[in-house]
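Please keep the sequence and the model open while reading.

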Amino acid sequence: MLTALPDSKWNDATAAHLLNRAAFGGTPDEIERTRQKGLTAAVRDFVDVKADAANVAPPAWAHPRNIRAQRMEIKAAKDRGENFQSKVREVRMMEGDEMIDLRRWWLDRMLNGPAPLLEKMTLFWHGHFATSIQKVRDAYWMWLQNDTLRRNALGNFGALAKKMSRDPAMMIYLDLQQSRQEHPNENWARELMELFTVGIGNYSEQDIRESARAFTGYRIDFTTQQFHFAPFQQDHQSKAFMGRNGNLNGDEIIDMLVSNPACAQFIGRKLWRFFVEDEPSSTVIDSVAGTVRKHNFEMRPVLHEIFSSGEFYSDRAMGSQIKSPVQYIVQTSKLLNAAAPPPLAAQNAMRQMGQILFAPPNVKGWDGGKQWISTSTLLFRYNFANYLINGDAILPPNLRQPRQGADVGFGRAAQYAEQIKRDPIDVGKLVPADLRAKSHEVVDLLAKRFFQTRPAQKEIDAFAQFLESRGPEITDANLRELIHLMMSTPQFQLA
Amino acid sequence: MLGAAASWTLPVFLEKTFFALDALAAEAATQAVTGKDGTILVVLQMAGGNDGLNMVVPYADDAYHVARPRLRLAPDQVLKINNYIALNPKLAGMKSLYDEGHLAIVQGVGYPNPNRSHFRSTEIWQTASDAARTLNEGWLGRYFDNCCSGADPTVGVAIGEETPQAFAAKNPTGVTFSRPEQFRFRPSEPNNGQMSAEEILFRQLNEGGGSDESGTAATNAGGSIGEIPGKARNDLSTLDFLQRTALDAQLSSDKILAIARKYKSTVPYPQGQLAASLNIISRMIAGGLPTRVYYASHGGFDTHAGQINTHERLMGEFNDAVRAFVADLKQQGNFDRVVLMTFSEFGRRVQENANGGTDHGAAAPMFVLGGAVKAGLFGKYPSLTELDRGDLKFNTDFRSVYGTVLDRWLKAPSQTVLGRKFPALGIV
């Protein structure tokens, strides 16, 4: 059993921790407000979001548009020996633009939406039921999956798994849509067990073969772009699955898997690693698995219990998580009191930091933890912070004002420069004018905003002396330099 | 100026950290090289699916000419290897290397149940997995994990914007950059040759162990991950891990920039991205960066339409860039230390399509070249008539090539890295 956090331990640090993990971090004001609410109310406000919070207006382009007709048009041009490549390019361009917009749309939900935990759980499920645009190749389907994940993010896990078995993006990603009675495709069946429910070692190859037969008949209508069930494609013969025989269907397979004791362990461990710590003890995983079972895989009460537990606020958990690239982008925008970076810059940054939304590296999703950090990604984070703070002015001049003739890619470079324009942040929003002359107070104020735990006195002094060395008049640029230095530290990567 | 509390002065800092680096090189326990003697692998990715049939041309096979009415290369154009196959006319430099005894051509390379998706097949090549399995770590990442733990982070260097999946490792190792000047901390104020107060403070903050009250900066400053015997990254606390990575980034960045400034090639390189990448690599080799594996990429091979001009240009770029690279290495006296290996996610369909292009295929040749390479033809040219869904059937598993390079060139146990033993080839 997880133990409840005593009220006496509820303070600024624990409130900040809750904001970091259940949401995407908080400003000093938000931390203060959260602390004042008290633990119970703070957790409840995150977890008990209204049902209509998942009713998020889709991006304007996100509607079915008859993939079949599109493909037939391309194929016809190809068969006629015409140049179909321009059409293919057109479709690809559209797909690329839509994906940039879809990523912008989701980052905006995370940064400005009313239900940050809902977005965080949607992100968790996106990594769990990992699906990539690289294979799905249709932004509408990626949006549709995201919408389904959001609507079920805080609900029942088994129900969500069933929805995923009928999700077009997932069906394409794991070839379920190609599975036929005569040739059941085992890809979905294998990953369902290995990565989505019980984990490796808890099923046999026979279980995979038999359950693959149970998922036959799942199809996509390419005209409406929705799931449909084709009974004539379904295998109605008896299947022998995990000790049970009968004409099992896909939903029954999922029910059996969810009731397998290994599933609560698997999901509990994954939740704990995402929200709390990289290397949990087996004791704590047993406790979380018990919680998952007790609440019949209903995520809302499970999360309520996790966020109220002493284990969640343990010393080893607090401030020990490396911000994922997505969290880095959202939290940094929040802390800088600035808008999210321009969509193209955000996408490029996700790529270079190793987490592109809607394009996980493979069906296992993102490993996270120390995997986020290499010498290259760390330096990138430091330099990206510079851009976020000082705007595109810090970029090399050839990128900001490309000269014609300097580069074959002039047209693209000019367009790119336009799309990554960003103003320096308004430091007046972070540091009151009357405080500027007081270097130690400025440093204290900013350190409180940017760091989990107060830096060592030696560093505080070094920051203050740095600021003094810029004087006597402290300019906006000096403060931005200081903030950039604070963000260019190992400590800032932690949440 | 910074006051007494921040009293690490720059020269002392540099002395300390570079000393640490030398100590590391001296104590190299595993695969770390001093930068002057070890063997080096350069992996060159031809992204998009290179048309192997028009790279290594079965010019004497009627089936080739029948299947490729528009794309075929005529027997009088090609650079003949024997009475059956020849090289693309643009590959004159490769032909010379072959004749000199430095180019191995491995024919009919692929894997069972070939996947024709760029995304998936690239992943298979990058992770050296079976077609039905998904692996997280790349094959080079597993080499770093298993054979290079404790090595300098520059043991793997990828030239490009994004770290290739082949480098993905349990303990992220290796550095990635397009231009050396990018792989550094960029201060808010552009520096004018002198190190600004901002940059000095940045270095202090990232020296490692900076916020650790119990350990002084002096004892921790040399604490590059590579320097702690027997301590893998996974054993470190998250903050320790971050601090040491930050220090490693500093050291690598300094070293790479210093080499980039000091070593320029005297051999002329052609224009183009691949040539620029290989030029950076040759300068890093000349400067003695302790790197075992370099990675470069050449894009644009997905020639579904109007292939003839595009592929000719790509072959020309490849040939000219590699020829300059080889000349450069020879001039440095490093040609015998370097093996360059090409790969592409798949070859292309035997039958050309209606748009003067080719669609995604399967088996294709790989080039392995270097001073120590044994020239010749390996594997056998796949039949152009006995096809698998219109594609060439492979006869040499790509992991045989990887395995040979690992065992015989990098002196690393291929079974550990690849999960099992693949038949070796006599290429090195």
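Which domains does the domain assignment of chain A give? The assignment lists domain 1 (12-259), domain 2 (330-419) and domain 3 (427-493). The C-alpha centres of domain 1 of chain A and domain 3 of chain A are 43 Å apart. This is a predicted model.

**Where chain B touches chain A**

- The contact involves 51 residues of chain B and 48 residues of chain A.
- On the chain B side, the elements giving two or more residues are helix 4 (118-127), strand 7 (175-177), helix 6 (197-205) and helix 8 (238-262).
- Helix 8 of chain B supplies the largest share of that side, with 11 residues.
- By class, the chain B side holds 22 nonpolar, 20 polar and nine charged residues.

**Helix 8 of chain B**

- Helix 8 of chain B has 25 residues.
- From first C-alpha to last, helix 8 of chain B reaches 36 Å, close to the 36 Å expected at 1.5 Å a residue.
- Of its 25 residues, 18 are buried, so helix 8 of chain B is largely enclosed by the rest of the structure.

- Strand 9 of chain B covers residues 338-343, and six of its six residues are buried.
- V338(B), L340(B) and T342(B) point one way from strand 9 of chain B. V339(B), M341(B) and F343(B) point the other way. Both sets are buried.
- In general, side chains in a regular strand alternate between the two faces of the sheet.
- Strand 1 (residues 40-46) of chain B pairs with strand 9 of chain B in the parallel sense, over six bridges. One of the links is L41(B), whose bridge partner in strand 9 is V339(B).
- Strand 10 (residues 364-370) of chain B runs antiparallel to strand 9 of chain B, joined to it by three bridges. Here M341(B) stands opposite V368(B).

**The largest nonpolar core**

- How many residues does the largest nonpolar core have? The core has 257 residues.
- The residues with the most contacts inside it are L41(B), V42(B), V106(B), M341(B), V368(B) and V401(B).
- Helix 10 (residues 307-332) of chain B gives the largest share of this core, nine residues.
- V368(B) touches A104(B), V106(B), V339(B), M341(B), V373(B), V401(B) and I427(B), leaving aside residues up to four places away in sequence.

**A three-stranded sheet in chain B**

- Three strands of chain B form an open sheet in the order 2-4-3, with antiparallel pairing.
- Strand 2 (56-57) and strand 3 (79-80) of chain B stand at the edges, each with a single partner strand, so one side of each has no neighbour in the sheet.
- Strand 2 of chain B pairs with strand 4 (residues 86-87) of chain B through two antiparallel bridges. V56(B) has L87(B) as its bridge partner in strand 4 of chain B.

**A hairpin in chain A**

- Strand 1 (residues 218-221) and strand 2 (residues 226-229) of chain A pair in the antiparallel sense over four bridges.
- R219(A) stands opposite H228(A) in strand 2 of chain A.
- Four residues lie between the strands of this hairpin, and Q225(A) takes a positive phi near 65 degrees.

- Helix 15 of chain A has 13 residues and reaches 18 Å from first C-alpha to last, close to the 18 Å expected at 1.5 Å a residue.
- Its buried residues are V284(A), S287(A), V288(A), A289(A), T291(A) and V292(A). They pack against helix 14 (261-275) and helix 16 of chain A.
- N296(A) lies in the loop between helix 15 (282-294) and helix 16 (299-307) of chain A. Just after helix 15 of chain A, N296(A) takes a positive phi of about 50 degrees.
- F297(A) is found in the loop between helix 15 and helix 16 of chain A. Phi of F297(A) is positive, near 65 degrees, and the residue is not a glycine.
- Most residues other than glycine have a negative phi.
- F297(A) is buried, with 21 other C-beta atoms within 10 Å.

Technical notes:
Residues are numbered from 1 along each chain as its sequence is written. Chains are lettered from A and ligands numbered from 1 in the order in which they are written. This is a predicted model: local features need pLDDT of at least 70, side-chain atom pairs count only at pLDDT 80 or more; totals for chains, interfaces and linings use all residues. Two residues are in contact if their C-beta atoms, placed from the backbone, lie within 7 Å. Ala, Val, Leu, Ile, Met, Phe, Trp, Tyr, Cys and Pro count as nonpolar, Asp, Glu, Lys and Arg as charged, and the others, Gly among them, as polar. The expected span of a helix is 1.5 Å times one less than its number of residues. A residue is buried if 20 or more other C-beta atoms lie within 10 Å of its own, exposed if 12 or fewer, and partly exposed in between; C-beta atoms are placed from the backbone. Domain bounds come from an automatic or database domain assignment. Two strands pair if DSSP finds at least two bridges between them. A nonpolar core is a set of buried Ala, Val, Leu, Ile, Met, Phe, Trp, Tyr and Cys residues joined through C-beta atoms within 7 Å.
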